[in-house]
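Student: I would like a close look at one strand in this model. Please take me through its surroundings, step by step.

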Amino acid sequence: MATSASTNWAAFATAEPALARTVEERFGSFTHHVLATLRRDGSPRTTGLEVRFLNGELWLGMMPGSLKALDLRRDPRFALQANPGPGTGMGGGDVRISGRAVEVEDAKTKDPYVKEVEPPQPFHLFRTELTEVVRTYVEDDTYLVVQVWQPGHPLRTLKRA
């Protein structure tokens, strides 16, 4: 079975800097976001999560033994949606990131994160490999615009009235 291409946050930000800035701003607007993982039986699980963009990576930190961490250990596929915030404004649009989460356990990789974030110990730390970034927004109160980025492909922009 072929796997889809993936890349880290730094490579995405280099390929599409404007979209990457918008996505980071949307995630930075609120603390908690929605993570979707797959349960053992394949059904979806959604949970709240804080994320961190640091040193060219998008990091997911979790409490030890949390169900979402156990889900990702079993099946690394995830989808992450930025908190839309109050009301219907969604400044910057709706943003979603899909990919695979790779657990990081070695101190050399984990220590810079711990120094910067100071998370409660112990914890699970996952770095992400992106397979898709999507932004949806309304332009000029007329058009629904969807931007889709996937590794190895140019940014696609779809617009409908």
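Tutor: The model is predicted. β4 spans residues 57-62. Of its 6 residues, 5 are buried, so β4 is largely enclosed by the rest of the structure.

Start with the strand partners. β3 (51-54) pairs with β4 in the antiparallel sense, over 4 bridges. Phe-53 has Leu-58 of β4 as its bridge partner. The two strands make a hairpin with 2 residues between them. Asn-55 sits in that turn, with a positive phi of about 55°. β4 also pairs with β7, again antiparallel and over 4 bridges. There, Trp-59 stands opposite Arg-127 of β7.

Now the side chains. In a regular strand they alternate between the two faces of the sheet. Leu-60 belongs to the largest nonpolar core, which has 24 residues. Leu-60, Leu-80 and Ile-97 touch the most other members. β4 supplies at least two residues of this core, as do α1, α3 and β5, among others. The largest share, 4 residues, comes from α2. Apart from this core lies another, of 7 residues, and Trp-59 is among them. Val-104, Val-117 and Leu-125 are also included. Leu-58 is in contact with Ile-97, as are Phe-78 and Val-133.

Last, the pocket. The largest one holds about 480 Å³ of space. β4 gives at least two residues to its lining. Gly-61 and Met-62 are among the residues nearest the pocket centre, along with Glu-50, Tyr-113 and Pro-120. The lining divides into 15 nonpolar, 7 polar and 5 charged residues.

Methods. Residues numbered from 1 in each chain as written. Predicted model: local features only at pLDDT ≥ 70, side-chain atom pairs only at ≥ 80, totals over all residues. Heavy atoms only, no water. 1 Å grid on protein atoms, 1.4 Å probe; cavity = no way out; pocket = protein on both sides within 12 Å on 5 of 7 lines; lining within 4 Å. Points joined across faces, edges and corners; volume = space filled by probe spheres on them. Nonpolar A, V, L, I, M, F, W, Y, C, P; charged D, E, K, R; others polar. Core = buried A, V, L, I, M, F, W, Y, C linked by side-chain atoms within 4.5 Å. Buried < 20%, exposed > 50% of the residue type's maximum accessible area, 1.4 Å probe, protein only. Contact = heavy atoms within 4.5 Å. Pairing = 2+ DSSP bridges. Lists of a residue's contacts leave out its neighbours within four places in sequence.
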